[in-house]
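This report describes a single protein chain in plain terms. Look at the sequence and the model first, then read on.

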Amino acid sequence: MSQFTTVARPYAKAAFDFAVEHQSLDRWQSMLAFTAQVTRDKQVSELLTGAMGPDALSKTFIAICGEQLDEAGQNLIKVMADNKRLRVLPEVLEQFIELRAALEATVEVEVTSANVLSEEQQAKIAAAMEKRLSRKVKLNCKIDKSVLAGIVIRAGDMVIDGSVRSRLERLADVLQS
């Protein structure tokens, strides 16, 4: 997948720069999300790995996407088809989202707990994470009964595990040593 990251980077950067210049970040993210979903379709995936020429491939892909693509989005598809890069559209979307988050200075934080968190608890967690990360935080809360009690917070590579389960596992390790 790292090869896809390198291949997708210039396309994501070009789409992002264009979207910023034309103040259409939402539209571009929507178009990229749609095209990424189209490439994940089994029949389209087979089409992308087939022997179809770039012109025919781009026309077919654009026809499948229909009105979901504006003219600039269609141009991106044509360029990527010419370079046989349509398979990397999901990675282009991921990198576009990362570039947008960096621009907007936001970070998505995943909070896993055993029970539903109250609005007050979510606000406290968001405030603490904004202070720690120096960015606006968007919380994604999930319920996982295996946490037992407490919470697990993930923001990128950072993990804060305040769950009772992890404390019990650490205690068991200490007792066994």
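Alanine 101 belongs to helix H6, where helices (H or I, at least four residues) and strands (E, at least two) are DSSP runs, numbered from the N terminus. Leaving aside neighbours within four places in sequence, alanine 101 is in contact with Thr106 and Arg135; contact means heavy atoms within 4.5 Å. Arginine 135 is 34 residues away from alanine 101 along the chain, and the C-alpha atoms of the two are separated by 9.8 Å.

The model is predicted: local features need pLDDT of at least 70, side-chain atom pairs count only at pLDDT 80 or more, and totals for chains, interfaces and linings use all residues. Residues are numbered from 1 along each chain as its sequence is written, and side-chain values use heavy atoms, with hydrogens and water left out.

**Pockets and a cavity**

Rolling a probe the size of a water molecule over the atoms shows where empty space is left. The search uses a 1 Å grid over the protein atoms alone: a cavity is a set of points where a 1.4 Å probe fits but cannot get out, a pocket is an open set with protein on both sides within 12 Å along at least five of seven lines, and lining residues have an atom within 4 Å of a point. Grid points are joined across faces, edges and corners, and a volume is the space filled by probe spheres set on the points.

| Space | Volume | Element giving the most to the lining |
|---|---|---|
| Largest pocket | about 340 Å³ | H6, seven residues |
| Second largest pocket | about 250 Å³ | H1, three residues |
| Largest cavity | about 30 Å³ | H2, four residues |

By class, the lining of the largest pocket has four nonpolar, two polar and seven charged residues. Here Ala, Val, Leu, Ile, Met, Phe, Trp, Tyr, Cys and Pro count as nonpolar, Asp, Glu, Lys and Arg as charged, and the others, Gly among them, as polar.

The second largest pocket has 16 lining residues, of which Leu48, Lys84, Arg85, Leu86 and Arg87 lie nearest its centre. At least two residues each come from helix H1 (2–21), helix H3 (42–49) and H4. The lining of the second largest pocket divides into 10 nonpolar, three polar and three charged residues.

The structure holds one cavity of 30 Å³ or more. The largest cavity is lined by Trp28, Met31, Leu32, Thr35, Leu69, Gly73, Leu76, Ile77 and Leu89. Two or more of these lining residues come from each of helix H2 (25–40) and H5. Seven residues of the lining of the largest cavity are nonpolar, two are polar and none is charged.

**Two packed helices**

Two packed helices are described by the angle between their axes and the distance between the axes. Helix H4 (residues 54–65) packs against helix H5 (residues 71–82) at an angle of about 145°, and their axes are 8 Å apart. Axes are lines fitted to C-alpha atoms, for helices over the stretch in contact, and angles run from 0 to 180 degrees between N-to-C directions.

What is the order of the strands in the open sheet? The four strands run in the order S2-S1-S3-S4, with mixed pairing; two strands pair if DSSP finds at least two bridges between them. Strand S2 (136–143) and strand S4 (158–161) are the edge strands, each pairing on one side only. From one strand to the next, the twist averages 20°.

S1 and S3 run antiparallel and are joined by four bridges. Serine 113 has isoleucine 151 in S3 as its bridge partner. Strand S3 (residues 151–155) also pairs with S4 in the antiparallel sense, over four bridges. Arginine 154 stands opposite valine 159 in S4, while valine 152 has aspartate 161 in S4 as its bridge partner. The hairpin of S3 and S4 has two residues between the strands, and glycine 156 takes a positive phi near 65° there.
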